[in-house]
Amino acid sequence: FNNFNKRKGKQFMKKRRVAALFMAAAMAVTGMTGCGSSDTATTEAAKTEAGSEAVSKEETEAAKEKTIDVKSLPAGSVDLSIMLPLGQWTDNFNTLIDAYKAEHPEIGEITATFPGSDKYDDLLVSALSAGELPNIINLGYGVRRQDWWQYCEDLSTGCPAYEMLTDAQIENGTDGDYGMLVLPMTMEGTGILYNTKILEETGWDHMPETRDELLQYCKDLKEKGIQPFMLPWAETYLNLFNNVGNYWLLDKPDGGKETLAKLMNGEDVDLANDPEMTELLDTYEQILMPYAQEGAVSADKWTCRNAFFAEECAMLIGEGSYETPNIQNANPALLDHVKQGILPISNDASKNKMAIATISISVTKNDDPNVVACAKDFASWLVSSDTARLWHQETMGSPTSIQGLEVSDKLPVIAKDVIDTIDAGKATENVFVYMPSSIYTDMQENWAKYVAGVETREQFLERYQQIFKDLKDGIYG
């Protein structure tokens, strides 16, 4: 899929630049603003476009070789901003801001914003149209945010953490002709969070490993009057499309890469007879739909999370290790009897995998080279410093991505579960990131209709395939 990125990068470069700038201008005209004005957005967009054409290759290479010693800059002379789709960071990130500023007197203010993932892309567009794109953003691996590649810096220079990356991480983070844009920071595992106290009280000595075992566990819970799980199906992006809806691809031997490539090429992959898609939809129709709480289609993520944190249900499905700080805030005692498991859609236990998402950061372009240098240094510090390592692992419960970093003995239990699952070869990167964002809305709508009973399985599969055919035919742009 990295080859796909490289192949597509050049042919999309000019088209995507024009498309993104047009989008920003349109947003400004319709009144969507951030902290600045639409006039600023137009000016900044023009600068970006003109600058990208005017700067020669020789000048670019010369600029790369010029190293700025950030600590030699005047005290308080550089302000930075960061925006990531990590709502769980909101109440904890000031610790890192204070620690970094203590080491870096050149930094004035660091403005941090952590919206939900469902709002993130719209907020990026608003920031661009306002001429105030944050200095550090989330691109992620894959092509879902390829429109933003042009606005980001190559991190192969001026970023010390680059030297700590594996060849595979560098390859995954390299986007087309734009360079190495993506710094991997932490990993998240998603599947099922289990309340192990309820699990044991129901007579189970292990987490269900197959679909039939999960079904039996739900039956056992119901017999005891316990709600098996709460499903947030109003979260069509987070739960239906992203965290659960791609399990049929994850359970394929190659993590779904070949099948997704065929879909994106407009090929008919015979979804009705695909064994892994059949297993996923059987899981929905045998377990998730019948055992969901009343009103699941209108339930949001916090309603369901809070029910699990309050120990009012036995499982939290489609969520993962990133819930550690939320559990800590809501019910710290639950951390003593919670475990991260796999969502078993297959009755062949060896096929079932945990979905892994690499959480990453990227640095945006800026006319001020001092800002770029400081943003690269801060980004590098966030992914590789000992202070950040301990914060990621112990406070947020997230395994760090850089392999050379020490693993804390205080790593929370569900983060350890993720590491153990990876080490056992039972985890794979979620291929969701290789789906272009242009199809997201229609994919979410298709899933929502299916779980609401508005569409049959046959209609759902037909629409699923058609979305990819329309993508290939250029209907999505």
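Predicted model: local features only at pLDDT ≥ 70, side-chain atom pairs only at ≥ 80, totals over all residues.

**The core and its helix pair**

Analyst: Tyr284 touches Trp233, Leu240, Val244, Gly245, Met289, Pro290, Trp447, Tyr450 and Val451, leaving aside residues up to four places away in sequence. Tyr284 belongs to the largest nonpolar core, which has 77 residues. Those with the most contacts inside this core are Tyr284, Met315, Trp447, Tyr464 and Phe468. Helix α12 (residues 275-291) gives the most to the core, with 7 residues. Another core lies apart from it, with 41 residues, including Val70, Tyr100, Leu183 and Trp381. In general, nonpolar side chains tend to be buried together in soluble globular proteins.

Now the helix pair. The axes of α18 (residues 440-451) and α19 (residues 457-472) come within 10 Å and cross at roughly 175 degrees. Angles over 145 degrees count as roughly antiparallel, so α18 is roughly antiparallel to α19. On the α18 side, the contact is made by Asp442, Met443, Asn446, Trp447 and Tyr450. On the α19 side, Arg457, Phe460, Arg463, Tyr464, Ile467 and Phe468 take part. By type, the contact residues divide into 7 nonpolar, 1 polar and 3 charged.

Trp447 links the two views. It touches Tyr284, and it is also one of the α18 residues in the contact with α19.

Notes
Residues numbered from 1 in each chain as written. Heavy atoms only, no water. Axes fitted to C-alpha atoms, helices over the stretch in contact; angles between N-to-C directions. Helix = DSSP H or I, 4+ residues; strand = E, 2+ residues; numbered from the N terminus. Parallel < 35°, antiparallel > 145°, perpendicular 65-115°, else oblique. Contact = heavy atoms within 4.5 Å. Nonpolar A, V, L, I, M, F, W, Y, C, P; charged D, E, K, R; others polar. Core = buried A, V, L, I, M, F, W, Y, C linked by side-chain atoms within 4.5 Å. Buried < 20%, exposed > 50% of the residue type's maximum accessible area, 1.4 Å probe, protein only.
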